[in-house]
Amino acid sequence: MEKNNNYLIQSNLFNETVLSDLSEIQKDILYYLQDVIDFRDKEATGEVYFDYNKFLEFKNTSRNLSYSPKEIQSFCKELTSLNGVIYNVKTENIEFFNIIDKVTVNSRDPENFIVRFASWGRIFFFEKFALEYAQESQIRYTQIEKNIIDLQSVKRKKFFELLSQYKETGLYRISLSKLKTLLGFVIYDFEAEPKQLNLFDEGREPTKEFLKTWYDFRKVFLDPAVNEINSNTSLDISNLEYITIKKGTKIVSLEFTFKKRIRANQLSQEQKNALVYLQKYGLNESQILFLLQRLSTGEIFTRINQRITYNNHYDNKKSPNYRRHVWFENETGAEIKNLGGFLYERVFGDILAT
């Protein structure tokens, strides 16, 4: 595991009680802090040095196109009043929390300051504190860790957040212009109000727009982001697809559909039984979970029964196949030498190969 893998715990709690209340610049501040820390630092203190010039580099912008150091400090200080609440089912405790505890600015160096995470901010941003909390509160660390994401860019992280809020329904509809605004491809003047969507809804013209055409947006950002989310098994959504909604010839909205990713410890009894059987047939756990994500157990075994048959002469003492644990192809009657390989290539190849 590389030292700086940009981990950020994106649980429902974080999405629903924290990120949804932030302005876009405040999200960028949290993403920057996430970028400069080491999630797995065993000596983490929860304090992070905020370098204004490095923040501009991270945002790939310049001073004249960004907020001043004083304004950035102000946004950081506002984060100290941001709070949420969690109910720990195990201990039956209700915990109220905030993310940032304090911002310390030295008057001799106003462009750089110290951000100190509060208790839950440390839990979200550092594995060390998440493990400590899991032990103290009698919960499994995986309950905190299960939605850690490791995506390649800030905008892809934001895109995942938007989708993740709807993972129970697997459906997310949004206008193309609002999506581009939320992701930071459309920039508005912040002088009057720091929330982009408020400005957008007021009908103001953007001051800057990236990837203006649908072709550029889809090719450069959307399709690669969808592909990365689908291929990243640490994320809790999969099978992400989208359709476009047009007004005349113009694409005005997008509809995303996806599934909540199946985990081995979240299977139904029927799925657990399928897992056991398919492992005996030669498929590994990751392959089976991949199948269960896309097919029902009934569809899986229907496919198998259509293609192969177990040894019909197992109890026939006169048969050369007496007491042989073998399978045969239904179509040719040929003995299957490698059942796992046959299932992978011939029965589920259209799914497992994707």
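This is a predicted model: local features need pLDDT of at least 70, side-chain atom pairs count only at pLDDT 80 or more; totals for chains, interfaces and linings use all residues.

Residues are numbered from 1 along each chain as its sequence is written, and side-chain values use heavy atoms, with hydrogens and water left out.

Overview. The protein has 16 helices and 15 strands. Of its 354 residues, 45% count as buried. Buried means under 20% relative accessible area, exposed means over 50%, and partly exposed is in between, with a 1.4 Å probe and protein chains only. Now contacts, meaning heavy atoms within 4.5 Å. Take those with a separation of 6 or more: 57% come from residues 24 or more positions apart.

First sheet. What is the strand order? It is β2-β6-β5, an open sheet of 3 strands with antiparallel pairing. β2 and β5 (100-105) stand at the edges with a single partner strand each, so one side of each has no neighbour in the sheet. Neighbouring strands are turned by 25° against each other on average, direction ignored. Pairing needs at least two DSSP bridges between the strands. β5 and β6 have 5 bridges, in the antiparallel sense. Lys-102 stands opposite Arg-116 in β6.

Now the helices on that sheet. α2 lies across β2, β5 and β6, at about 110° to β2. Axes here are lines fitted to C-alpha atoms, for helices over the stretch in contact, and angles run from 0 to 180 degrees between N-to-C directions. α4 packs on the sheet too. It touches β2, β5 and β6, and its direction makes about 155° with that of β5.

Which residues of α4 are buried? Pro-69, Ile-72, Gln-73, Phe-75 and Cys-76. Down the axis of α4, they fall within an arc of 160°, so they line one face of the helix. The arc is that of the directions from the helix axis to the C-beta atoms. Their cover includes α2, β2, α3, β5 and β6.

On to α3, residues 52-59. Tyr-52, Phe-55 and Leu-56 are buried there. Those buried residues sit within an arc of 100° down the axis of α3, so they line one face. One reminder: an α-helix has 3.6 residues a turn, so residues three or four places apart point the same way. The face of α3 turned away from the buried side carries exposed Lys-54 and Glu-57. The buried residues pack against α2 (24-36), β2 (47-51), α4 (69-78) and β6 (112-117).

What about the ends of α3? Asp-51 caps the N-terminal end, with a side-chain oxygen 3.0 Å from the backbone nitrogen of Asn-53. After the helix comes Asn-60, with a positive phi near 55°.

How do α2 and α3 meet? They pack at about 105°, with axes 10 Å apart. That makes α2 roughly perpendicular to α3, a label covering 65 to 115 degrees. The contact involves Ile-25, Asp-28, Ile-29, Tyr-31, Tyr-32 and Asp-35 of α2, and Lys-54, Phe-55, Phe-58 and Lys-59 of α3.

β14, residues 327-329, pairs with β15 over 2 bridges. Trp-327 has Ile-336 as its bridge partner in β15.

Lys-158 is in α8, residues 154-164. Is Lys-158 buried or exposed? At 6% relative accessibility, it counts as buried. Leaving out residues up to four places away in sequence, Lys-158 touches Glu-24, Asp-28, Tyr-31, Leu-182 and Leu-183.

Arg-346 is in α15, residues 339-347. Arg-346 is partly exposed, with a relative accessible area of 42%. Its C-alpha is 8.6 Å from that of Arg-307, 39 residues apart along the chain. A polar contact of 3.5 Å joins the side chains of Arg-346 and Glu-329. Polar contact means a pair of N or O atoms within 3.5 Å; within protein, one must be able to donate a hydrogen and the other to accept it, and residues adjacent in sequence count only if both atoms are side-chain atoms.

Terms used: Helices (H or I, at least four residues) and strands (E, at least two) are DSSP runs, numbered from the N terminus. Angles under 35 degrees count as roughly parallel, over 145 as roughly antiparallel, 65 to 115 as roughly perpendicular and the rest as oblique.
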